[in-house]
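This report describes one protein model from its coordinates. Please keep the sequence and the 3D view open while reading.

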Amino acid sequence: MTTPASDSKNTGQMDAARGLDVRPAAPDLLIHLHIAKTGGTTLSSMVKHAFRGDEVFETISQDDQIYGGLDLLTYDSCKHLLRDRDLGQLRYFTGHVPMGVDRIFTGSTKYIAIVRHPVERLLSYFYYRSQIGDPYLKDGKPISFEAYVESGGDIIFNNYQVRVISGSPDLDAPAGARGALVAGAPVEARHLEMAKQNVEENFLSIAPLEQLTALAMLMRRVYGWPMRRLQTEYKNPTKERPRRRQIAPYLLRIIEDNNVHDIALYEWACGRFAQQRKLYEPGLSRDLQVFGVVNRALTTAGEILPWTLRKRLAQMLFYAR
């Protein structure tokens, strides 16, 4: 667990570009810290296929299997899941895992993560739970989004991304009953600084959701992967939810007031990733252009072609990249 950074650091300031002046090296193990409804399933579907099957371990916890609390496995539960695996063989570990799970492993480790603006993440999370049959409940009945926001008491609702990335034990909370709102200790400015310090010291990269594909292309450059391995589609979308512009302004204010540290982390991550991208330009932008064109074509083809033919097409198109 890390300690807070110096109090002299300005919470909203873009910190000195520590670790962003050189291209990072590929670690022995890459850990994907998957925060719910940040595009993590899509990112992992790209990254895991760049490794051999026996080098990948995905935790069994999925969004529709966890209710309440931090939405995370514990350190001990991760250790239990890995008890029969050759840890030295693993190169990619992904799931709703806690910060600090790297202590299980002996080789060099780095994390990756996607963060999302908390308004968009909360909208997606709330309506996705209804979509999978796990709505928030009061007196046994589903509550509305308005009632959920006005309650303000759920741990997912209050600076959740800082809560996870800080790894602070004083923010841990037990899982709640299905559909229940779960209270937790408040996230403070010091936890935001802890989250930033964790990123600077322990992450290969962190990116906003809008830069998900760019993050995958950056990792392709770090690892030297052929582009064909990263072809994918958007996974686990929340099919029916209102857009931000459809939400009453007073509700947006409540969300923003309860997520000031998440907003600061998101904005900081946007600036940090923009700096990191510069290390790989102009090649990374060229990769994005090629990938965008071909991935769209393959996605369209996938609507009419069997998977075996689609995979072969991807291999032919991306083979030389």
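## Basis of the values

This is a predicted model, in which local features need pLDDT of at least 70 and side-chain atom pairs count only at pLDDT 80 or more, while totals for chains, interfaces and linings use all residues. Residues are numbered from 1 along each chain as its sequence is written, and side-chain values use heavy atoms, with hydrogens and water left out.

## Whole chain

The protein chain has 11 helices and 7 strands. Both are DSSP runs numbered from the N terminus: helices are H or I with at least four residues, and strands are E with at least two. Of the 321 residues in the chain, 51% are buried. Buried stands for under 20% relative accessible area, exposed for over 50%, and partly exposed for values in between (1.4 Å probe, protein chains only).

The accessible surface of the chain is about 14800 Å², and carbon and sulfur atoms hold 51% of that surface. Accessible areas come from the Shrake-Rupley method with a 1.4 Å probe; for residues, only the protein chains shown count as cover. Among contacts with a separation of 6 or more, 81% are between residues 24 or more positions apart. A contact means heavy atoms within 4.5 Å.

## Strands S4 and S7

Strand S4 (residues 109-115) runs parallel to S7 and is joined to it by 5 bridges. Two strands pair if DSSP finds at least two bridges between them. Tyr 111 has Phe 203 in S7 as its bridge partner.

## Backbone exceptions in loops

The peptide bond from Glu 281 to Pro 282 is cis, with omega near 5 degrees. Pro 282 sits in the loop between helix H9 (260-278) and helix H10 (283-302).

Asp 139 is not a glycine, yet its phi is positive, at about 55 degrees. This residue belongs to the loop between strand S5 (137-138) and strand S6 (141-142), and Asp 139 is exposed, with a relative accessible area of 74%. Asn 159 also is not a glycine and has a positive phi, of about 50 degrees. Its place is in the loop between helix H4 (145-151) and helix H5 (160-166). At 5% relative accessibility, Asn 159 counts as buried.

## Surroundings of Asn 158

Asn 158 lies in the loop between H4 and H5 and is buried at 16% relative accessibility. Leaving out residues up to four places away in sequence, Asn 158 touches Gly 152, Gly 153, Arg 163, Val 187, Asn 258 and Asn 259.

Which backbone oxygen does the side chain of Asn 158 reach at 3.4 Å? That oxygen belongs to Gly 152. A polar atom of the Asn 158 side chain also lies 2.7 Å from the backbone oxygen of Asp 154. A polar contact is a pair of N or O atoms within 3.5 Å; within protein, one must be able to donate a hydrogen and the other to accept it, and residues adjacent in sequence count only if both atoms are side-chain atoms.

## Aromatic rings

A pair of aromatic rings is described by the distance of the centres and the angle of the planes. Rings of Phe, Tyr and Trp (its six-membered ring) pair if their centres lie within 6.5 Å; planes under 30 degrees apart are stacked, over 60 edge-to-face, and the rest tilted. The whole structure holds 14 aromatic pairs. In one of them, the ring centres of Phe 51 and Trp 225 are 5.4 Å apart with the planes at 80 degrees, so the pair is edge-to-face. Phe 51 lies in the loop between helix H1 (40-47) and strand S2 (56-58) and Trp 225 in the loop between helix H7 (212-223) and helix H8 (249-257), so the pair ties together parts 174 residues apart in sequence. Both Phe 51 and Trp 225 are buried.

Phe 126 and Tyr 136 form a stacked pair, 5.9 Å centre to centre with 10 degrees between the planes. Phe 126 is in helix H3 (residues 118-131), and Tyr 136 is in the loop between H3 and S5. Phe 126 is buried at a relative accessible area of 4%, and Tyr 136 is buried at 1%. Phe 126, Tyr 127, Tyr 136, Phe 145, Tyr 148 and Phe 157 form one aromatic cluster.
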